[in-house]
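Morning, everyone. Let me put the model up, and then we'll go through salt bridges and a hairpin.

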Amino acid sequence: GQSLEQPSEVTAVEGAIVQINCTYQTSGFYGLSWYQQHDGGAPTFLSYNALDGLEETGRFSSFLSRSDSYGYLLLQELQMKDSASYFCAVSSGSARQLTFGSGTQLTVLP
Amino acid sequence: DGGITQSPKYLFRKEGQNVTLSCEQNLNHDAMYWYRQDPGQGLRLIYYSQIVNDFQKGDIAEGYSVSREKKESFPLTVTSAQKNPTAFYLCASSRQDSEKLFFGSGTQLSVL
C-alpha cells in the first residue's frame, strides 16, 4: 500500500516563507502532487512533480527527490489568504490514482 | 463555464436508507473519482472510472456503489451497508493519465 507523512499544522506570519514537507512510501510511483483546500471548500491543484528538482509557479514552488521519497511545497511572501490545508498526493498503480496525505493546516498570522 | 457540479450540498440519511449523490462534469474528462473526507483528515478514494461503463474500487469501496453510464455523470450511492457514512464527499474529474484533478464543491452527508 501507500503511505504519506506530512506535518499536521504549520504557523507563519504574513510575508514569511514556509516549507511543508512530505515523505511517502509507495510502489509504482509516478509523481507527487500538491493541493490546497480552504475550510469547507473543494481542493484545488497547485503543482505536480514527476522528475527530481524544483518546479516554480509564482509564489509557490514544489520539490521532489525520488531517491529520498521526499518532496516539499514552498510558499513565499505569505498572505492571509494562504491559510488553508495543503495535501500532498502520490500517483501510483496502473491507473495512476492519487493517494492523499492527511493534510497540513497552514495558519498565516498578521 | 466548464466545471464539475455536485448535488445536493447537504444530505441526510435515515437508518437503513440508500442515498445517491450526484456528480456531473462538462469538462469532457474521461476519468472521474469519488473521495471521502473525514474531519481533519485527507481524502480517501472510494471508486474511480477511467471510461464509460467501467469503474474500479478504491481503498474504501465497501458500502458504496457507482455507475458510469454517461461520460458526464458518475453518481455515488451510499448503501445501508455503510455503517459510518457521515463525511464530506468529493467528486473529481481529470483528463486521462493526468494528476490534475478538478473537484466539485462537495456533499456533506449526515445520518439522522
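First, a term: buried means under 20% relative accessible area, exposed means over 50%, and partly exposed lies in between, with a 1.4 Å probe and protein chains only. This is a predicted model, so local features need pLDDT of at least 70, side-chain atom pairs count only at pLDDT 80 or more, and totals for chains, interfaces and linings use all residues. Residues are numbered from 1 along each chain as its sequence is written, chains are lettered from A and ligands numbered from 1 in the order written, and side-chain values use heavy atoms, leaving out hydrogens and water.

Lys71(B) is partly exposed, at 23%. Its salt-bridge partner is Asp30(B), with the closest N and O atoms 3.5 Å apart. A salt bridge here is a side-chain nitrogen of Lys or Arg within 4 Å of a carboxyl oxygen of Asp or Glu. Asp30(B) is partly exposed too, at 30%.

Over all chains, the structure holds 5 salt bridges. Asp38(B) pairs with Arg36(B) at 3.0 Å, and with Arg44(B) at 2.8 Å. Shared partners join Arg36(B), Asp38(B) and Arg44(B) into one network. Arg36(B) is buried, at 4%. Asp38(B) is buried, at 10%. Arg44(B) is partly exposed, at 36%.

Now chain A. Strands are DSSP runs of E, at least two residues, numbered from the N terminus. They pair if DSSP finds at least two bridges between them. β9(A), residues 84–92, and β10(A), residues 97–100, run antiparallel, joined by 4 bridges. Ala89(A) stands opposite Phe100(A). The hairpin has 4 residues between the strands, and Gly93(A) takes a positive phi near 80°.
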